[in-house]
Amino acid sequence: MILNIAEIIFIIIQVIFAVYLLLPGFLLLVHYIIKPFSGTNYKSHKKKVDKDFDFAAIVTAHQDTRFIAPLVDSFLKQTYHKFKLYVVADDCDISGLNFNDERIVILKPEPALHAKIKSIRHSVNNFHRPHDVMIIFDSDNLVHPEYLEVLNHYFQRGYRAVQTHMLSKNFDTVYAKLDSVGHIFNNFTERTSRMDMGFSSCILGLGIAVETKLYGEIMYKDGLGGFDKKLQAEMIKKIPKLAFAEEAIVYDEKVDDGKTLERQRTRWIHAYFKYFNDNWKILLAGLKGFNLNRIYFGFAALRPPLFITLGAGLLFLVVNLFLDTSMALAWTAVITLFILSFVLIVISQSRQKGMASALFYIPVFVMRQVIALLNMKKASRSFLKTEHTRVIYIEDLLKNEMV
């Protein structure tokens, strides 16, 4: 009897991991079935609110102001003008930050805050006027000239929270391309495909636009710690749909070397386990209330990091070579389909040149993530900051992009 129960549990675990690995291919198929019937232009969608929204763009800078001027420049080139940009220069020398535009506000908190969530709160507390929507950025970001114009259309459609589309600011090294490849895959499975199906998208730690009133209800009522994972979990409870604006493009610097990649992934892997319980609660709440949006969101969020999921699939394949050859063949098919869908997603969804060539270096990427997993305890003791180095202006970036 005990053996039978163990066998059942083992089968259930295998089924769950198989679903995770087969899901990307299914989502790609659904995407191309739905795509011909969806609007080709964001402006073609019906408006629910006929107003121009007032945006507060919040930039959190910590001990580094090198990237502020290019980011400010990209905002001053916006085709939409109803905004203010608040730069929170935490523990920074602001003597070189002088901008002759009243829409640019430099804030230097005293004493230093040393926390992104505190910098965001400081900015909100120092708004020059009540803003309809707030958008959160890192200091190394750049925004496309039509960024705010696109966002305005999404909020006119009635959305209260919108994740914008992050593209790579740099893609001239193998590691930068590998970082971008991972993001292309995750962006499709966690955002693009969910908009296709009418489900809530996942958010990123940057480029997330939230109705100011909604953010206040979440962050100030509950006094939440952390940032994007907690913010995401709370928004899923409060709004019908967290949207993804594929046409609103924000650029982010990708890591250029292996060590930086390890630090970044160590932090991300730690965040997955740290907020596992929150995602489990979302799934349970969805099941309890028969809410398909929450069920799907919670189930997808519980998926382990991709290299762990694929590694588990390979382990099941090896184990079944000794236990059940038919299951071993099934796992061979599952893994093959996953690899094929991964490649197709990266090739079909990439909007920048050279990403397909990075696929040959995926084993290096996986090896670095395994090292990051082994170093996970470091993330629980300190914040592993990702260092950025690329100072580039929006005009130069757009010239280099693939048309």
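**Sheet, helices and aromatic contacts in a predicted model**

Strand E8, residues 243–252, runs antiparallel to E5 and is joined to E5 by two bridges. Within this pairing, Leu142 has Tyr251 of E8 as its bridge partner. The description that follows refers to a predicted model.

The two strands belong to an open sheet of eight strands with mixed pairing, in the order E3-E2-E1-E4-E7-E6-E8-E5. Strand E3 (104–107) and strand E5 (142–143) form the edges, each pairing on one side only. In general, the strands of a sheet are held in pairs by backbone hydrogen bonds, in either the parallel or the antiparallel sense. Both senses occur around strand E6, as set out next. E6 pairs with E8 in the parallel sense over seven bridges, and Gln163 stands opposite Phe244 of E8. With strand E7, which spans residues 208–211, E6 pairs in the antiparallel sense over three bridges; here Ala161 stands opposite Val210 of E7. Strand E6 covers residues 161–168, and eight of its eight residues are buried, so the strand is largely enclosed by the rest of the structure.

Burial was also examined in the helices. In helix H2 (residues 68–76), seven of the nine residues are buried, so this helix too is largely enclosed by the rest of the structure. The buried residues of H2 are Ile68, Pro70, Leu71, Val72, Asp73, Ser74 and Phe75. Two of these residues, Ile68 and Leu71, are in contact with Ser139, as are Val59, Thr60, Ala61 and Phe67, when neighbours of Ser139 within four places in sequence are left aside. Ser139 is located in the loop between strand E4 (133–138) and E5. Ser139 counts as buried because its relative accessibility, 12%, falls under the 20% limit.

In helix H3 (residues 116–125), the residues Ile117, Ser119, Ile120, Ser123 and Val124 are buried. Viewed down the axis of H3, these buried residues fall within an arc of 160°, so they line one face of the helix. An α-helix has 3.6 residues a turn, so residues three or four places apart point the same way.

The structure holds 16 aromatic pairs. One of them is formed by Phe53 and Phe155, with 5.8 Å from centre to centre and 45° between the planes, a tilted arrangement. This pair links distant parts of the chain, 102 residues apart: Phe53 lies in the loop between helix H1 (2–34) and strand E1 (55–62), and Phe155 lies in helix H4 (residues 147–156). Both residues are buried, Phe53 with a relative accessible area of 10% and Phe155 with one of 3%. A second tilted pair consists of Phe338 and Phe342, where the centres are 6.1 Å apart and the planes make an angle of 50°. In this case both residues lie in helix H12 (residues 325–349), separated by four residues, or about one turn of the helix. Phe338 is buried, with a relative accessible area of 4%, and Phe342 is buried at 13%.

Lys51 lies over the face of Phe53, at 4.8 Å from the ring centre. Arg157 lies over the face of Tyr154, and the distance to the ring centre is 4.7 Å.

A search of the whole structure finds zero disulfides. Cys92 is buried at 6% relative accessibility, and Cys202 is buried at 9%. Cys202 and Ala301 are 99 residues apart in sequence, while their C-alpha atoms are 8.6 Å apart in space. Ala301 lies in helix H10, residues 292–301, and counts as buried at 16% relative accessibility. Apart from residues up to four places away in sequence, Ala301 touches Tyr272 and Asn279.

Key
Residues are numbered from 1 along each chain as its sequence is written. This is a predicted model: local features need pLDDT of at least 70, side-chain atom pairs count only at pLDDT 80 or more; totals for chains, interfaces and linings use all residues. Side-chain values use heavy atoms; hydrogens and water are left out. A disulfide is a pair of cysteine sulfur atoms within 2.5 Å. Buried means under 20% relative accessible area, exposed over 50%, partly exposed in between (1.4 Å probe, protein chains only). Two strands pair if DSSP finds at least two bridges between them. Rings of Phe, Tyr and Trp (its six-membered ring) pair if their centres lie within 6.5 Å; planes under 30 degrees apart count as stacked, over 60 as edge-to-face and the rest as tilted. A charge sits over a ring if NZ of Lys or CZ of Arg is within 6 Å of the ring centre and within 35 degrees of the ring normal. The arc is that of the directions from the helix axis to the C-beta atoms. Contact means heavy atoms within 4.5 Å.
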